[in-house]
Amino acid sequence: MDQSQSRRPAEDRHVPVLLDTSVQLLAPALQEPGAIHVDATLGMGGHASAVLRAAPHAHLVGIDRDPQALVLARERLDCDGVGARATLVHATYDQIPEVLEDLGLPGAHGVMMDLGLSSFQIDTADRGFSYAVDAPLDMRMDPSSDGPTAADLLRDLPETEIARILRTLGDERFAKRIARRLVEQRQVAPLTRSGELVELLERAIPAASKASGGHPAKRTFQALRIAVNEELEILASAIESALDSLHLEGRILVESYHSGEDRLVKTAFTRRTRSSAPPGFPVELEEHKPTFAPLVRGALQADDVERDGNSRAASVRLRALTRIRPDQGAH
C-alpha cells in the first residue's frame, strides 16, 4: 500500500455514500439485544461503524474479499469504540450463509451491500484500479487470489469478448473500436500497466466524446474491474443468499453503481415482493404471498449536495426491503 495513503485515517480516505439514509433504514431492525448485522462489503467500515453506533445492542459480521480492507476497517471500528462488537471475516459476499453457519448464527437482522469501489483501492497505487496513476494492470480485489488480472484478460480474451465486457459492464459506446485496438496492440506487445491502457484509450476514443463524456478511461476500467472480480456473477448469488438469511422483520439494503448491478438487484427484489400465485389463480394462498416489502419506492439516489461533495455518489442507486413473511429459506 502507498505509505502516504496508509497513514491517513480511514474516515479521511473514504466517504460512505448515502450514510444517513442507510443508517435510518437499517437501525430499526437492529435494536434488540443480540441483533446481527452483516455488512457484506465492509470496505473501510464507514457504513458499519455508523450502524453500530445507531444500534448499540447489535453485533457486526463484517465481510470483505480484500485483506487490506479488513485491516483498515478494524482500525476504524476500534477507533470509533465499536470494535468489540465486530467480527470480521475474509470472504466474498456470496458466502454469507457459510460465514453465519461458521459463527453459529442462524441468520441476520440486517444486511448491507455497498457495491462501489473503495477509495483506498483507488488510492493504492500498486493495485491498478485507478486510471490516474500508472501501475501494474491487476485490479483483483483480493490480491492473494490466483485469478486472472486485467492484463491477463486483455492478453488472452478474443476481441469479441473484450468488446462485450466493455459494452455490457462499462456501458462503453466505443467497445468494438477499443477491443480492436487492444488486439492490435497485443500482437506487438501485451499491455501490462494501467498507464499503457490509458494511452491506448486516449487514442481510440474520438475527441468529441472525450470532451463531453468524462475521462475516456473511466468506463473501460470499470468494466475490467467487474470482469476480473466476477462481480455480477457473485452478486446474483449473494442477493439470494442474503435474502434467505434474513430473520422476520430483518432488513436488507443494497447500493449499486452500475446499470448491470442495479438490474440484478431490482430483479431479485421484485421477485420477492410479488405474489407467486399463478396468473388467473382465483385465491392467493398463504404460500403465494410476498415474503418481502419495499422500504423505499424504487431506487433512491443521492441529492445534489452529496453529489457535489462526493463523486462516488453520482451514480448510486439504493434499494431496500424488509422481510414480512417467513418462507422455506427464512428463519
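Helix α4 (residues 46-54) is largely enclosed by the rest of the structure, because 7 of its 9 residues are buried. Buried means under 20% relative accessible area, with a 1.4 Å probe and protein chains only. Helices (H or I, at least four residues) and strands (E, at least two) are DSSP runs, numbered from the N terminus. This is a predicted model: local features need pLDDT of at least 70, side-chain atom pairs count only at pLDDT 80 or more, and totals for chains, interfaces and linings use all residues. Residues are numbered from 1 along each chain as its sequence is written, and side-chain values use heavy atoms, without hydrogens or water.

The buried stretch of α4 comprises Gly46, His47, Ala48, Ser49, Ala50, Val51 and Leu52. These residues pack against α3 (19-26), β1 (36-39), β2 (59-64), α5 (67-79), β4 (108-114) and β5 (246-256).

Next, the nonpolar cores. Such a core is a set of buried Ala, Val, Leu, Ile, Met, Phe, Trp, Tyr and Cys residues joined through side-chain atoms within 4.5 Å. The largest has 35 residues, and Leu137, Met139, Leu154, Ile178, Leu182 and Leu197 touch the most other members. Two or more residues come from each of α8, α9 (159-170), α10, α11 (194-204) and α13 (218-228). Helix α13 gives the most, with 6 residues. A second, separate core holds 30 residues, including Ala27, Leu60, Ala86 and Val296.

Side chains of opposite charge can pair when their charged atoms come close. The count is 13 salt bridges, each a side-chain nitrogen of Lys or Arg within 4 Å of a carboxyl oxygen of Asp or Glu. Glu231 and Arg225 form one of them (2.9 Å, N to O). Glu231 is buried at 5% relative accessible area, and Arg225 at 10%.

Glu240 pairs with Arg272 (2.8 Å, N to O). This links distant parts of the chain, helix α14 (residues 231-245) and helix α15 (residues 259-273), with the partners 32 residues apart. Asp262 and Arg319 form a further bridge, their closest N and O atoms 2.8 Å apart. Asp262 lies in α15 and Arg319 in strand β7 (residues 317-323), so the pair ties together parts 57 residues apart in sequence. Both Asp262 and Arg319 are buried. Through shared partners, salt bridges join Glu240, Asp244, Arg271 and Arg272 into one network.

Key:
Buried < 20%, exposed > 50% of the residue type's maximum accessible area, 1.4 Å probe, protein only. Contact = heavy atoms within 4.5 Å.
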